Amino acid sequence: MAELRLTMTTEARTVLTDLLRLIAPAAARVTVNRAHVPATDPEIAGFWVETLTAQAAEEARLLAVAFAGAKGDPAVIVLPNEAQAHAFLRALSAVRLALRDLVFADVTDAQLENAEDLDDATLPTEQRHALACYACFGLLQQSLIAQLCPEAFD
Amino acid sequence: MAKPKLKPEIKTESLVSAAPRWNVVVLNDPINYQAYVVLAFMNVLRLGAAEAKRLMRVIHAEGRATVWTGGRERAEMLSLELQQWHLNSLLEQDG
């Protein structure tokens, strides 16, 4: 498979990069806390926590490198192969989950599933900003999936 | 003189019980897009797009679906892999 590309405005790149610096350290914690780790076997549970923690660290690194390397106007992130694209997709999912847990904790699941219907004026500025970034990360995911596997869409 | 052949009386009884089976269950979540979930199923469970979409729709409609059933070790591995895709998966003993 040829390399995959994600394009965004330089302004979006700057805003998303700034948010990632803030949220990435917490994303690892959210990932491990959310996991349904088997409680019956301490050895297995330890392995799961170790695996998920290591993956979260790798995802944070991948995102930081990708956004820092997105040069030009518009800014372009280049993912050299399918494995990197999958890792990038998972990393974006981790960030969205962290935003959900840490920033939108008081927003219901139903509201979040229809995020475009949320009345911006009712949200504090920080939440509005984070919601815009949450949507942008989602758009990047959709764009990447459309390139990787168009049949995944209905 | 040939000795008479003794026919030992052998009784057999099956003492083997089937190993417990485990379900890998995925719960609905409002964060991951449907296409993302389909892609995760295609990669982790090695499903075709049609079956992956069918499971995704069940989860969306009913809140959860069993996506795989079988031995414990494999179920644990698949559940961990699904969680590495940040899906809300868990293990349940079948039956």
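Reply: Start with chain A. Five helices and two strands make up this chain in the predicted model. Read from the N terminus, their order is β-α-α-β-α-α-α.

Me: What radius of gyration does chain A have, and what would a compact globule have?
Reply: A compact globule of 154 residues would come near 15 Å. Chain A has 16 Å, which agrees. Its C-alpha atoms fill a box of roughly 50 × 45 × 35 Å along the principal axes. Of its 154 residues, 34% count as buried.

Me: How do the strands β1 and β2 of chain A run?
Reply: Here is the general idea. Strands of a sheet pair through backbone hydrogen bonds, either parallel or antiparallel. In chain A, β1 (residues 4-8) and β2(A) run antiparallel, joined by five bridges. Look at Leu6(A): its bridge partner in β2(A) is Ile77(A).

Me: Which residues of β2(A) are on the covered face, and which on the uncovered one?
Reply: Again, the general idea comes before the case. In a regular strand the side chains alternate between the two faces of the sheet. In β2(A), the covered face holds Ala75(A), Ile77(A) and Leu79(A). Val76(A) and Val78(A) are on the uncovered face.

Me: Which peptide bond of chain A is cis?
Reply: Read omega. The bond from Asp73(A) to Pro74(A) is cis, with omega near 5 degrees. Pro74(A) sits in the loop between α2 and β2 (75-79) of chain A.

Me: Now chain B. How many helices and strands does it have?
Reply: Three helices and three strands. From the N terminus on, they run β-α-α-β-α-β. Chain B is more spread out than a compact globule, because its radius of gyration is 22 Å, well over the 12 Å that the globule rule gives for 95 residues. The C-alpha trace spans about 85 × 25 × 25 Å along its principal axes. In chain B, 32% of the 95 residues count as buried.

Me: In what order do the strands of the chain B sheet come?
Reply: β2-β1-β3, in an open sheet with antiparallel pairing. Next, read the edges. β2 and β3 of chain B each have a single partner strand, so one side of each is left without a neighbour in the sheet. The twist from one strand to the next averages 25 degrees. Six bridges join β1(B) to β2(B). Find Asn23(B), and opposite it in β2(B) stands Thr69(B).

Me: What packs on that sheet?
Reply: Helix α3(B) does, touching β1, β2 and β3 of chain B. The direction of α3(B) makes about 165 degrees with that of β3(B).

Me: Which residues of α3(B) are buried, and what do they pack against?
Reply: The buried ones are Ala75(B), Ser79(B), Leu80(B), Leu82(B), Gln83(B) and Gln84(B).

Me: Last, backbone angles. What is phi of Arg46(B), and of His86(B)?
Reply: Look for positive phi in a residue other than glycine. Arg46(B) has phi near 60 degrees, and His86(B) has phi near 65 degrees. Arg46(B) lies in the loop between α1 and α2 of chain B. The place of His86(B) is in the loop between α3 and β3 of chain B.

Me: Is each of them buried or exposed?
Reply: Count C-beta neighbours. Arg46(B) is exposed, since 9 other C-beta atoms lie within 10 Å. His86(B) counts as buried, with 30 C-beta neighbours inside 10 Å.

Definitions and conventions. Residues numbered from 1 in each chain as written. Chains lettered and ligands numbered in written order. Predicted model: local features only at pLDDT ≥ 70, side-chain atom pairs only at ≥ 80, totals over all residues. Buried ≥ 20, exposed ≤ 12 C-beta atoms within 10 Å, placed from the backbone. Helix = DSSP H or I, 4+ residues; strand = E, 2+ residues; numbered from the N terminus. Rg over C-alpha atoms; globule rule 2.2 N^0.38 Å. Pairing = 2+ DSSP bridges. Axes fitted to C-alpha atoms, helices over the stretch in contact; angles between N-to-C directions. Contact = placed C-beta atoms within 7 Å.
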